[in-house]
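Here are a few exercises to work through with the model open on your screen. Try each task before you read its solution.

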Amino acid sequence: MSNSPILKVAVNVPLSRDFDYLAPARGTAPAVGCRVLVPFGRRQQVGLVTAQADKSHIPSSKIKHAGEVLDESPLLDASDLWLIRFTSDYYHHPIGEVVSAALPGLLRQGKPLHPSIERVSITDAGVHSDIEGLGRRAPKQAELLAILNDAGGDGLETDLLTEMLPAWRRAARGLFDKGLIARFSARAEDYDEQLVAEKVAGPTLNADQRRALAELRGSDAYAAYLLDGVTGSGKTEVYLQRIQDMLDRGKQTLLLVPEIGLTPQLVSRLGGRLGLQPALLHSALSDTARLAAWRAARSGAARLIVGTRSAIFTPMKNPGLIIVDEEHDHSFKQQEGLRYSARDLAIARARNLDIPVILGSATPTLEMLQHCRTGAYRQILLPSRAGNAKPPAMRLVDTMRAGTSDGISEPLAESIASHLDSDGQVLLFLNRRGFAPTLICSQCGHIAGCERCDSRLTVHARSRELRCHHCGHVRALRDNCDECGETVRPLGEGTERLEDALLRRFPNAVISRIDSDSTRLKGAMHEALEGATLGTANILVGTQMLSKGHHFPKLTMVGVINADQGLFGTDFRSAERMAQSIIQVAGRAGREARRGEVLIQTAFPDNVFWKTLLEGGYRKLSDEAIRERELTRWPPFTWLALLRSAAHKKADAHRFLDVARRQIGDTGGEMLRILGPVAAPMARKAGRYRAQLLLQSSDRATLHRVLRDLRPALEGDATARKVRWSIDVDPIELF
Ligand code: ADP
Ligand code: ZN
């Protein structure tokens with residue numbers, strides 16, 4: 001390497017390449033994995049050095065010097081950079097944007113890894129002052145002084161002080177002047193993994209769990225395990241044992257959970273059993289807290305890291321194990337920008353690090369099941385519920401025959417009543433928030449639609465609004481039709497309407513609605529889940545958000561209000577999805593001593609889907625679905641990529657995809673099928689027309705070769721300027 005190497009720098013711009021810079025004019029060249037400020041256009045940008053090279057294609061007169069080096073030592077090591085490179089290559093996404101997704105916000109902005117933290121402490125003079133006397137004249141000052149006196153010589157972080165005493169700064173002024181307290185700044189230290197004093201013992205593993213654990217212990221090197229265990233079979237107990245193995249040998253575990261799965265319940269269970277405080281990484285954290293957890297994972301101080309999707313990029317000093325809980329959950333796939341699957345990256349990362357990865361689910365995706373069939377992954381079954389809990393009994397209610405009022409049939413209402421009478425708790429699942437999905441005119445039949453989307457507006461009765469769930473558009477709810485002025489009425493039911501109907505029917509029951517509307521306020525979700533867990537709420541009404549992962553000990557009955565949405569879906573995954581969501585929500589019932597009961601309302605009880613699911617369970621349904629996918633050549637038997645475009649003019653959206661199609665030409669040969677361009681299933685959203693082009697191949701390498709050539713060509717194409725476009729590799733939504 002020459003004295004002044006060329007730096008390859010990833011910069012956060014939507015272009016698929018690194019940029020070349022000369023090492024900074026002064027000082028030593030930054031190592032690979034360090035951040036550096038670079039001139040880019042008219043601005044300075046934070047970049048990451050991904051490689052050093054001897055020469056550049058850029059003429060030496062044009063190449064610029066990099067500016068300030070932001071890290072003394074590499075922020076990311078070779079394996080972290082490998083993951084970033086792999087993600088960029090596999091998802092055909094600009095590397096600078098991948099780096100940006102991988103780093104916590106503060107680092108992305110160029111802030112130091114160890115920000116200095118302002119602290120305040122009591123001085124010697126303060127310790128010897130007359131705090132009581134002060135209390136009579138200036139009670140606020142005295143209170144602050146007392147707090148700092150208790151905190152001792154190290155004082156307190158100002159963030160913490162603000163939490164304890166929001167107006168402390170005003171009180172502090174006088175104390176600073178008198179020299180009773182002092183301010184200093186300190187380096188943010190590596191998180192100290194507060195040991196939880198007492199470890200709580202767990203249950204003794206049953207025979208199935210012991211067998212599963214023995215199999216998982218078979219390898220400390222790369223192996224992918226699918227822990228395929230019915231709901232409540234004790235998968236978490238098995239994870240806990242494996243995490244303990246890693247702790248015993250000084251290795252770290254990364255546990256990925258779905259967005260809504262990172263509940264205080266889970267965190268305290270993990271912490272209590274392992275005797276430590278897991279480092280958490282999720283979207284609700286403050287920037288500082290996120291950085292602290294990231295730093296702790298990187299330094300090795302945190303031995304268990306629990307996070308949602310983006311935590312997959314967290315560096316680890318001594319990685320030993322990756323676990324993806326509820327691998328089927330859609331929140332692992334990012335649906336915008338960098339459209340990656342954290343589950344799939346977990347597998348790739350484990351292979352690269354040569355460590356095991358465990359994928360857990362009661363309803364595994366067909367992709368994972370197929371990998372088990374080919375022998376690439378190992379399937380480990382937990383066929384029955386742990387402890388004494390029995391599987392819930394499921395039955396259908398024919399809504400055509402029984403009829404419904406506000407979505408509730410008589411058999412369902414009777415069953416709810418009987419569970420409430422015997423002190424049970426009931427969960428009603430309806431994956432539609434708001435009061436009603438449609439507002440229709442009783443005279444002319446006009447339906448209120450969104451002006452910016454091809455969609456209906458949802459009636460929200462509590463706020464007296466009509467809302468578009470696709471673009472967020474809101475307008476006031478009026479009683480008369482826009483077209484003819486006659487009376488309008490809400491059609492169909494959402495969770496609000498269901499809640500109202502239940503209040504009328506069961507006036508003595510405590511009803512708790514849990515959806516993204518009712519839990520918007522800070523702390524509301526926590527409170528709702530607490531009521532559900534303690535059993536103070538008798539009837540829970542909720543959307544998808546309530547159907548996953550929770551353990552409500554008193555819950556004895558689940559009612560699925562409308563199960564027909566997925567029966568005739570157009571997506572090839574409709575049946576798989578619907579089976580997953582029904583099995584998951586049913587799995588909330590009867591998780592302890594009392595057997596659970598599940599009632600499913602459907603207008604199509606004779607559909608073969610129900611027979612398969614009720615008689616053969618998820619296993620039979622997934623077996624059949626795999627066979628069908630093989631015949632119809634859908635994933636996991638073929639590989640897909642979806643090219644999307646959206647523009648204010650319909651023609652622009654389509655023209656761009658025409659260009660893409662021409663660009664691909666026959667470079668994929670026989671192995672590639674190109675479908676489209678066609679309008680997206682929702683052809684207009686938020687004022688933009690949307691179109692899509694589907695690429696399908698039975699050979700993964702062919703698909704990726706085509707995409708690799710396509711991306712840079714599209715980046716340079718003039719039609720791209722008028723559209724928003726994206727490449728979605730392994731899409732899970734075909735619209
Ligand atoms: P999963 O992760 O498969 O849903 P969990 O690990 O959460 O299952 O276990 C479900 C319930 O069963 C929990 O209350 C757990 O404490 C209990 N449990 C798990 N394993 C056992 C066991 N071997 N004996 C008794 N109870 C168990
Ligand atoms: Zn809209």
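A crossing of two helices counts as left-handed if the near helix is turned anticlockwise from the far one by less than a right angle, and right-handed if clockwise. Before you start, note that this is a predicted model, where local features need pLDDT of at least 70, side-chain atom pairs count only at pLDDT 80 or more, and totals for chains, interfaces and linings use all residues. Residues are numbered from 1 along each chain as its sequence is written, chains are lettered from A and ligands numbered from 1 in the order in which they are written, and side-chain values use heavy atoms, with hydrogens and water left out.

**Exercise 1. Helix pairs**

Work out how helix 10 packs against helix 11, and then against helix 9.

Step 1: Helices (H or I, at least four residues) and strands (E, at least two) are DSSP runs, numbered from the N terminus.

Step 2: look up the geometry. Two packed helices are described by the angle between their axes and the distance between the axes. Axes are lines fitted to C-alpha atoms, for helices over the stretch in contact, and angles run from 0 to 180 degrees between N-to-C directions. For helix 10 and helix 11 (residues 264-274), the axes cross at roughly 45° and come within 11 Å.

Step 3: name the arrangement. Angles under 35 degrees are roughly parallel, over 145 roughly antiparallel, 65 to 115 roughly perpendicular, and the rest oblique. Helix 10 and helix 11 are therefore oblique to each other, and their crossing is right-handed.

Step 4: Helix 9 (residues 207-216) packs on helix 10 at about 40°, with the axes 10 Å apart. That angle makes helix 9 oblique to helix 10, and this crossing is right-handed too.

**Exercise 2. The ligand**

Which residues are closest to ligand 1, and what classes make up its shell?

Step 1: list the neighbours. A residue is near the ligand if one of its heavy atoms lies within 4 Å of it. Ligand 1 is surrounded by 17 residues, and the closest are Thr204, Gln209, Lys235, Thr236 and Arg269. Helix 10 (residues 235-248) contributes the most to this shell, with three residues.

Step 2: sort by class. Ala, Val, Leu, Ile, Met, Phe, Trp, Tyr, Cys and Pro count as nonpolar, Asp, Glu, Lys and Arg as charged, and the others, Gly among them, as polar. The shell comes out as four nonpolar, nine polar and four charged residues.
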